[in-house]
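This briefing goes through the fold, the packing and a few local features of the model shown below. Please keep the structure in view while reading the grouped points.

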Amino acid sequence: MSQPTPFAADAFAAPDVTLAPSPNREARLGGRAPDLVVLHYTGMRTAQEALARLRDASAKVSSHYVIAQTGEVFGLVPEAERAWHAGVSSWEGQEDVNSRAIGVELVNPGHPWDGSPEGYAPFPDRQMTALERVLTRVLEQWRLPPSAVVAHSDVAPGRKIDPGEKFDWLRLARSGLGLGPPHAIARSGECSWASFRRAATEFGYGDWADEAVLDAFRRRFRPTALARAFEADDIDVMRAVVRVKSQSKHI
Ligand SMILES: [Zn+2]
């Protein structure tokens, strides 16, 4: 497989996308249309390193897009096909995330293995602008609400932490391309894991350890609370994003 199958109507064919086809792709299970976008960081310093790995048949990993820190967008797998980026994962009660998702890799060295922020770089404006362009096309193409855009850490808590707490979800939310930290929360003063998990399941999180779900949730919605013990605001913010998600579906 040296060339992708036809993708004329696919946003993949946009003129500002540099084609870099990957052999690591197949049909989506059941031929379903994508209804989710999973954002990642590459954990590598350069786009070239990431492209080499994501196009290596023996690595058995890929994504639909790679976005360099310069803003250059590479297209590896046509959106209608299944790329291999989510691994063991679940979202909204479904486990084959790759069959429903479009994977976007943002070039970033990522966290070191010990999870410390050392070396983990901010996502430059040019890279974010390119991502916004890609997401605008993808959401239009497949008629998806902003809530369809999630983090790898959302679908694989405890196993993955990308794109991480430096990723600007608020910026995506302001552009209508994702959900970020909510504007306002209703304070309940409640602090029970059971309530947190009920709201987390409603939002889409799968059956992972409590602390893992809390960590994934905070990296996206409460990045400044990452080091703190579980608290009432976690439940109230989770409930707020559940509300925003239910509204975002009905636009
Ligand atoms: Zn990832």
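Predicted model: local features only at pLDDT ≥ 70, side-chain atom pairs only at ≥ 80, totals over all residues.

How many of the six residues of strand E7 (residues 101–106) are buried? Six of the six are buried, so strand E7 is largely enclosed by the rest of the structure.

- Strands of a sheet pair through backbone hydrogen bonds, in either a parallel or an antiparallel manner.
- E3 and E7 are paired in the parallel sense over six bridges, and Leu 36 stands opposite Ala 101 in E7.
- Strand E4 (residues 65–67) is also paired with E7 in the parallel sense, over three bridges, with Glu 105 in E7 as the bridge partner of Val 66.
- Strand E3 (residues 36–41) is joined to E8 by three bridges, the two strands running parallel, and Val 37 has Val 149 in E8 as its bridge partner.

**Burial of strand E7**

- Both faces of E7 are covered, with Ala 101, Gly 103 and Glu 105 buried on one side and Ile 102, Val 104 and Leu 106 buried on the other.

**Nonpolar cores**

- The largest nonpolar core has 44 residues, and the members that touch the most other members are Val 37, Val 38, Val 66, Ile 67, Val 104 and Val 134.
- Two or more residues of this core come from each of E3, helix H1 (47–54), E4, strand E5 (73–75), E7, helix H3 (125–141), E8 and helix H5 (169–174), and the largest share, six residues, is given by H3.
- A second, separate core of 16 residues includes Leu 179, Tyr 205, Phe 217 and Ile 235.
- Leaving aside residues up to four places away in sequence, Val 38 touches His 85, Ala 86, Val 97, Ala 101, Gly 103, Val 150, His 152 and Val 155.

**Helix H3**

- The 17 residues of H3 should span 24 Å at 1.5 Å a residue, and the end C-alpha atoms of H3 are 24 Å apart, which agrees.
- The buried residues of H3 are Gln 127, Ala 130, Leu 131, Val 134, Leu 135, Val 138 and Leu 139; seen down the axis of H3, its buried residues fall within an arc of 160 degrees, so they line one face of the helix.
- An α-helix has 3.6 residues a turn, so residues three or four places apart point the same way.
- Exposed residues Asp 125 and Glu 140 are carried by the face of H3 turned away from its buried side, whereas the buried residues of H3 are covered by elements including E3, E4, E5, E7 and E8.

- Ala 47, Ala 50, Leu 51 and Leu 54 are buried in H1, and the buried residues of H1, seen down its axis, fall within an arc of 100 degrees, so they line one face of the helix.
- These buried residues of H1 pack against E4, E5 and E7, while the face of H1 turned away from its buried side carries the exposed residues Gln 48 and Ala 52.
- In helix H6 (residues 193–203), the buried residues are Phe 196, Ala 199, Ala 200 and Phe 203, and they cover an arc of only 105 degrees around the axis, which puts them on the same side of H6.
- Gly 204 follows H6 and has a positive phi, near 140 degrees.

**Asp 168**

- Asp 168 lies in the loop between helix H4 (152–155) and H5, and is partly exposed, with 17 other C-beta atoms within 10 Å.
- Although Asp 168 and Pro 122 are 46 residues apart in sequence, their C-alpha atoms are 8.9 Å apart in space.
- Not counting residues up to four places away in sequence, Asp 168 touches Phe 123 and Met 128.

How values were computed. Residues numbered from 1 in each chain as written. Pairing = 2+ DSSP bridges. Helix = DSSP H or I, 4+ residues; strand = E, 2+ residues; numbered from the N terminus. Buried ≥ 20, exposed ≤ 12 C-beta atoms within 10 Å, placed from the backbone. Arc of directions from axis to C-beta. Core = buried A, V, L, I, M, F, W, Y, C linked by C-beta atoms within 7 Å. Contact = placed C-beta atoms within 7 Å. Expected span 1.5 Å × (residues − 1).
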